[in-house]
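Please examine the sequence and the structure below. The briefing that follows describes how the chains meet one another.

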Amino acid sequence: MAGGEEVTLDWEMFVFLFLSAATLLSAIYVIRAREIVHSVVGLATCFIAIAALYIMLSAEFVAIVQILVYVGAVVVVILFGIMLTRREIMESEKR
Amino acid sequence: MAQAKKKSSLGFVLQPMKRTGKTLANSLFLGKPNTVLYPYQKLDLPIGYRGKHIVDFKRCIGCSNCVQICPNDCMWMEKLEDPELGKIERPGVDYGRCLFCGFCVEICPTVAIHESVEFELAHRERSRLKYGPKELRDDSFAGKVKEERQKRLLPILDMSKCTSCEKCAGECPEMAIAMMPIENVGRKKPEINLNKCTSCKKCEAVCPESALKLEEVYESYFEMPEPKLLIKSCTGCSACSKACPADAIYMMEMPGTEKVLKDGKKGKPKKRAVFVLEKCVGCGKCFRTCKFEAIEWPGVRK
Amino acid sequence: MNLFEFCYGIIHWLVDLVNHLWYWLGDVLPWWFGDFFDAVGDFAASQGHLSVMTIFLEVVIVVIIALINVLNFIWIFRKFMGRMFDFYGPYYVGYGIGGWLQNLADGIKLFVKEIIVPAKADKMGYLLAPIIYIGSSILILATIPFSENFGVSTNESGTYVPAGALFALAAFAIAPFSILLAGWASNNKYTLIGGMRSAAQMMSYEIPLLMTVASVFLLAGSFGFVDIVDAQHDIWFAIPLFIGFLIFLVCLAAEVEIIPFDLPEAEAELVEGWTTEYGGMRFGLFYFTTTIRSYAGGALATALFLGGWHGPALIPDEIWFLIKAYIVYTVFQWMTWSLPRVRVDQMLGIGWKRLLPLAVINLMIAVALKSMGWF
Amino acid sequence: MWINMGPQHPMTHGLWNLRVKVDGETIVDAQPEVGYLHRGIEKLCEGKTYPQIIPLADRLCYGSSLTWSHLYCMAVEDLMKVEVPERAEYIRVLTIEMQRIVSHLMWLAAYAGDLGLGVGFVYTMREREVFLDLFQSLTGARITYNFPRIGGVAHDLPQNFERDTLRAITFFEGRLKEYEDLFEGSKIFMMRNVGVGILKKEDAINLGVTGPSLRASGVTYDLRKDLPYSVYEEMDFRVATHKDCDCYARYRVRMDEMWESCQIMKQALKKMPEGKWRIVAPRNAPVGTGLARVEDPRGEGMIYIVGDGSDKPYRVKIRSPIFVTVSAAPKMLIGYKLADVVAIMGGLDMCIGETDR
C-alpha cells in the first residue's frame with residue numbers, strides 16, 4: 001500500500017483468508033480439545049467453513065450438500081454416538 | 001349412554017379438531033369467550049359468598065364466641081371507645097390467617113357478624129392484612145348478606161325482677177316452666193324447657209313484675225354448655241356478672257351468711273352468682289374471669 | 001426493480017454523498033493525507049464494497065421484517081390459543097390491536113432477568129448452542145423470497161441463487177446439532193433426554209421431508225424458489241402432490257416441535273425438555289427462534305406447495321405470501337391444541353414405517369407426472 | 001440412569017417424588033417417595049374442638065374437599081351417636097356426588113394436560129366451573145366448602161338451586177359426549193392409553209388399591225353399593241367397571257362414574273324430603289370410638305376417631321386411598337416407556353394432600 005500505487009483491497013482474498021484460517025483453526029481445535037463434544041463443535045465449524053469455501057468457488061450445490069450431509073447428518077450422528085456411550089468411559093478418557 | 005361403546009383405536013386422528021373448531025368459531029365470531037376480563041369486569045357473586053367480614057356494632061354484644069370458635073386463631077377482641085355505644089369490645093380479623101370457614105358467622109348469638117361478597121383483600125404489606133373492628137364495621141348490612149338463621153320467640157327471664165311467685169309455672173299450658181330452687185338462696189327460679197315451649201305468650205301476660213318477656217332469639221346449632229357454680233369457692237365478687245355479655249348472671253344474696261361484726265350488727269350477706277341459662281350464649285367469659293375457680297365449664301381439658 | 005437494486009441504489013447514493021465530503025476533506029488536507037483519502041474513497045466506491053454493503057442492508061431489512069412477523073406470530077399464537085381455549089388472550093397491551101405489544105412486554109421482562117449459567121454446565125457448549133440455533137434459523141430466512149422482487153438471495157446481476165430452496169432445508173438441518181449440544185451441555189438429565197429425543201426426531205423426519213421436497217424439485221425442475229413458485233402458476237403443487245403435502249406438513253410439525261410431536265419439550269415428562277436450564281433472555285431467544293422456525297416452516301410450505309405469492313392481483317404479492325404463511329401457521333396451532341402428544345417410540349414408528357413409504361410413493365407419483373409430460 | 005420426577009415436576013400433581021430408573025427410554029425400576037406435603041393433620045386434630053376440625057378435613061384434598069369433611073362428620077356422628085335428619089342426608093348425597101364430578105373433571109383436566117392435550121385441560125376446567133358456581137351459591141366457597149356439619153349440613157338449599165342443578169346436569173351430560181369425541185375420538189389419545197400401565201386384578205387386590213383404579217381392573221367393589229352409607233341404599237345406580245386393566249380402562253371408569261353421579265344427583269333431588277337439615281350436635285363426645293368409610297372419588301377413605309369425653313378428639317386416624325394406591329406404581333410402571341409415566345400416574349388421580357396428610 002505504498003503511496004502512489006493503485007490500492008485494490010481484494011474482497012475475495014480477504015474472505016478466503018478468513019475462511020481458511022477458520023478451517024485450519026477449527027481443525028486444530030478438533031484434535032486439541034479436551035472434551036470430546038467440544039471437538040465435535042470444532043468439526044462442525046470446520047465443515048461449515050469448508051462449505052463457505054465451496055461457495056467462494058461458485059459451487060453452491062456442493063456447499064449446500066456439504067452442510068446438509070456433513071453438518072446436518074454426520075456431525076449429529078457422531079454426537080449421538082458420543083452421548084450414547086457410557087459416561088464413565090468418556091471420563092476415563094479425559095484423565 | 002350406560003356402558004359407552006368402546007370405540008376402536010382407529011378413530012380418525014384429527015377428530016378432536018372438529019370440537020375445538022366449534023368452540024373457536026363460537027369464541028371468535030359467533031359469541032364471546034367464556035371468561036370475563038377480570039379487573040375491569042366482575043362476576044356477580046351469590047349473596048352467601050364467604051368474603052370479608054362485616055360486623056354490626058349495634059348488634060354485637062362482644063361475647064368473643066367468634067374468637068373462640070376460629071380454627072386458626074385469626075380473630076381477636078379489641079377494646080374501643082365509641083361515641084354512641086361507650087366502652088365496647090369488638091372483633092378484628094387477620095386475613096393473613098383467615099380461612100373463611102364461616103364458623104364465626106354461624107356461632108354468633110346475635111347474628112352480628114357476616115361475611116360479605118368482598119374478596120379483594122390482598123395487600124403488599126402483611127401487617128395491613130390485619131383488619132381491626134373499625135375497618136370491619138358496617139352497621140346496616142340488610143340486603144348485603146343472607147340472614148338465614150331462624151328466629152324463635154322465647155320467654156327470657158329478668159332475674160332482678162323475678163319474685164318467685166310461681167304464677168308462670170301454673171299458667172304454662174305445656175308444663176314447660178318448672179320452678180327450681182336455687183341453692184343457698186331459698187328462692188325458686190323458673191326454668192324453661194325450650195323443647196316444650198310453644199311461644200304462647202301466656203307466661204308473659206301473667207307475670208306481675210313483667211320479669212318474663214318473650215323475645216326473638218336466633219336459633220343456635222351449637223350446643224350451649226352449662227356453667228356450674230361451686231358454691232364453696234364463690235366469694236360473691238360479681239366479676240362474672242360484670243363480664244357476662246348477655247346479662248345472664250345475676251348476683252343474689254344468700255340469707256344466713258351474714259357475718260356478725262364486732263358491734264353485734266349483722267353485715268351484708270354473701271352473694272352468689274345465679275345463671276339464667278336461657279340467656280347464656282356459651283362464651284365462657286365467666287369461667288375465664290373467675291379468679292377463684294368457682295365456675296365449672298363442662299368438657300374443657302385442663 | 002427488485003430488492004437488490006433498491007438497496008444498491010440506496011447504498012450508491014449514500015456512498016456518493018459521503019464521498020463528496022470525503023474528497024473535499026482530502027483536497028483541504030495536506031498532500032500526504034490526500035492520497036490516503038483518495039484511496040479510501042475509491043475503495044468505498046468500488047463495486048465489491050458496494051455489493052457487500054447492499055447485501056448487509058438487505059439482510060437488515062429481511063431480518064427486521066422477520067422480527068415483525070415473529071412478533072405477529074407470537075401474537076397469533078396467544079390470541080388464537082386464547083380463543084380456542086375460550087378466553088380472551090392478551091387484550092389490553094398494544095393500543096387498538098388487542099394485546100399485540102404483549103410480546104414486546106414479555107421480551108423486556110426477559111431482558112431484565114438475571115443471566116445464570118448452571119455451575120456444573122459445560123460453559124462453551126451452553127453458551128454456543130443458542131448462537132448456533134439462532135444463527136442457523138435466521139439463515140433459513142435469508143433464502144426465502146416474499147415475491148419475485150423481494151428476496152435476499154440475489155447476486156449482483158439480480159438473478160436468484162439457483163439452489164435457494166435446498167439451502168433453506170440445509171439450514172433447517174443444522175438445528176439438531178445445537179439442540180443436542182444444548183441438551184448435553186446443560187448437565188441435566190431432562191435436557192439430555194430432551195436433546196436426544198429432539199435429534200432423533202429431527203433426523204428421522206428430515207428424510208421424508210427431503211423426499212417430498214425432492215418431488216417438488218422434480219416437478220418444478222429447479223432448486224430455486226422463484227422457479228418453483230413460477231411452476232405453480234397454473235396449479236398448486238399441493239393438488240397433484242396431495243400425499244406429499246400432508247407428509248410435508250406432518251414432517252414440518254415434527255421439525256418445528258409442535259404438539260403432536262413436541263416430545264423434546266414434553267413438559268409433562270421432561271419439564272421444559274432441552275431448554276430446561278436456560279433462563280432469562282436465553283430462554284427468550286430459544287422461544288423466539290422456535291417461532292422463527294415455525295414462520296420459516298409456514299413460508300416453506302407456502303412456497304413449495306401453496307403457490308407462493310400467486311393470487312388474485314387485488315393484494316400485492318408479498319402480502320399474499322404472508323397471508324398463506326400465516327394460515328399455515330394458524331392451522332398448525334389449531335392442530336397443536338387439539339391433539340395429545342405421541343410417545344417417542346410411536347413417533348419414530350410413524351416416521352419410519354408410515355411416512356417414509358408414503359414419501360416414496362409420493363416421489364413415484366411425481367416421477368409419473370413428470371414423465372407423462374404434465375409438468 | 002435414575003431420574004427424579006419430582007418433587008418439583010409437572011408430572012407430580014402436588015409434591016411427591018417418583019424416582020424412575022430408565023434404560024434408554026424404558027423403565028426398569030420405580031420408587032415412589034411421599035411425605036413432602038406432610039402437615040401433621042392427624043396431630044393438629046387433637047388440639048381442636050370437633051367442629052373446628054371440619055375445615056381441616058376439607059384441606060385433606062383440594063380436589064374433593066367435601067367428601068373428606070363429610071367423611072369426618074360421619075365418623076364423629078358415629079362416635080357421638082347422632083342421628084342426621086333425612087333431608088340433610090339427601091343434601092349430602094347430592095353434594096358429594098357433585099363433588100365427585102368436580103373431582104373427576106379436575107382429574108380429566110390434569111390428565112389431558114399431562115398428555116399434552118391443551119384444549120382438554122381448559123374445557124374440562126370450564127365445565128367444572130358450572131358446578132363450582134353451584135357450590136358457591138350453596139356453601140359460599142369454591143374449593144374448601146366447610147359445608148357438612150356434625151348432625152347435618154350448614155345450610156339448606158338456596159332458592160332455585162334445584163332448577164339450576166338440573167340444568168347443569170343436562171348441560172353436563174351433553175358435554176360428556178363431547179369429551180368422548182375429544183378424547184377417545186382422537187387416535188393419538190388411544191395410542192397413548194390402550195394397553196399401557198396394566199394392573200392385573202390380583203395385583204390390585206393384593207396391593208390394596210381401591211376406587212376407580214380397582215374397578216378398572218375388573219373388580220366390582222364400591223362402598224356405595226357394598227356398604228351403603230347415608231341414603232345410597234335408596235339410589236339406583238350402576239357400579240362402573242372395566243375389564244381392560246389399563247389406562248384406558250381407568251379413564252373409561254371415571255367417565256362412566258361421572259354419568260352415574262349425574263343420575264344419582266337427579267334421584268336425590270327428586271326424592272329429597274322436606275324438613276330440618278341440621279340438628280344441634282353435642283359439644284362433647286363420649287368416651288369411645290367412631291369409624292366411617294366412604295367411597296372417595298379416588299378410592300376408599302376411612303376416618304377413625306377416639307373420643308375421651310372432652311370437646312376435642314383424643315386421636316384421629318385417616319386412611320388415604322392414594323397413599324395405598326401409589327404403592328402399586330412400580331407394578332404398573334415397569335416395562336413401559338418414560339413417556340408413559342405421565343399417562344399411568346396421571347390416570348391414578350394423585351392427590352398429595354390426603355396422601356401425606
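The model is predicted: local features need pLDDT of at least 70 and side-chain atom pairs count only at pLDDT 80 or more, while totals for chains, interfaces and linings use all residues. Side-chain values use heavy atoms, with hydrogens and water left out, residues are numbered from 1 along each chain as its sequence is written, and chains are lettered from A and ligands numbered from 1 in the order in which they are written.

**Chain C and chain B**

- Four residue pairs, both residues at pLDDT 80 or more, are in polar contact across this interface; a polar contact is a pair of N or O atoms within 3.5 Å, where within protein one must be able to donate a hydrogen and the other to accept it, and residues adjacent in sequence count only if both atoms are side-chain atoms.
- On the side of chain C that touches chain B, α3 (47-84) and α13 (317-338) of chain C each supply at least two residues; helices are DSSP runs (H or I, at least four residues), numbered from the N terminus.
- That side of chain C has nine nonpolar, one polar and two charged residues, where Ala, Val, Leu, Ile, Met, Phe, Trp, Tyr, Cys and Pro count as nonpolar, Asp, Glu, Lys and Arg as charged, and the others, Gly among them, as polar.
- Contact (heavy atoms within 4.5 Å) links 12 residues of chain C with 17 residues of chain B.
- Chains C and B bury about 1,500 Å² between them, with 71% of it on carbon and sulfur atoms; buried area is the accessible area (1.4 Å probe) that two parts lose on being put together, summed over both.
- C:Arg83, C:Asp86 and C:Tyr88 supply 43% of the area that chain C buries against chain B, more than any other three residues.

**Chain B and chain D**

- Among the four pairs of chains that touch, chains B and D have the most contacts.
- Here 46 residues of chain B are in contact with 54 residues of chain D, and the buried area is about 4,400 Å², of which carbon and sulfur atoms give 50%.
- Three salt bridges are counted between chain B and chain D.
- One of the salt bridges joins D:Glu178 and B:Lys22, whose closest N and O atoms are 3.1 Å apart.

**Chains without contact**

- Chain A has no contact with chain B, their closest C-alpha atoms being 31 Å apart.
- Chain A has no contact with chain D either, their closest C-alpha atoms being 9 Å apart.

Key: Salt bridge = Lys/Arg side-chain N within 4 Å of Asp/Glu carboxyl O.
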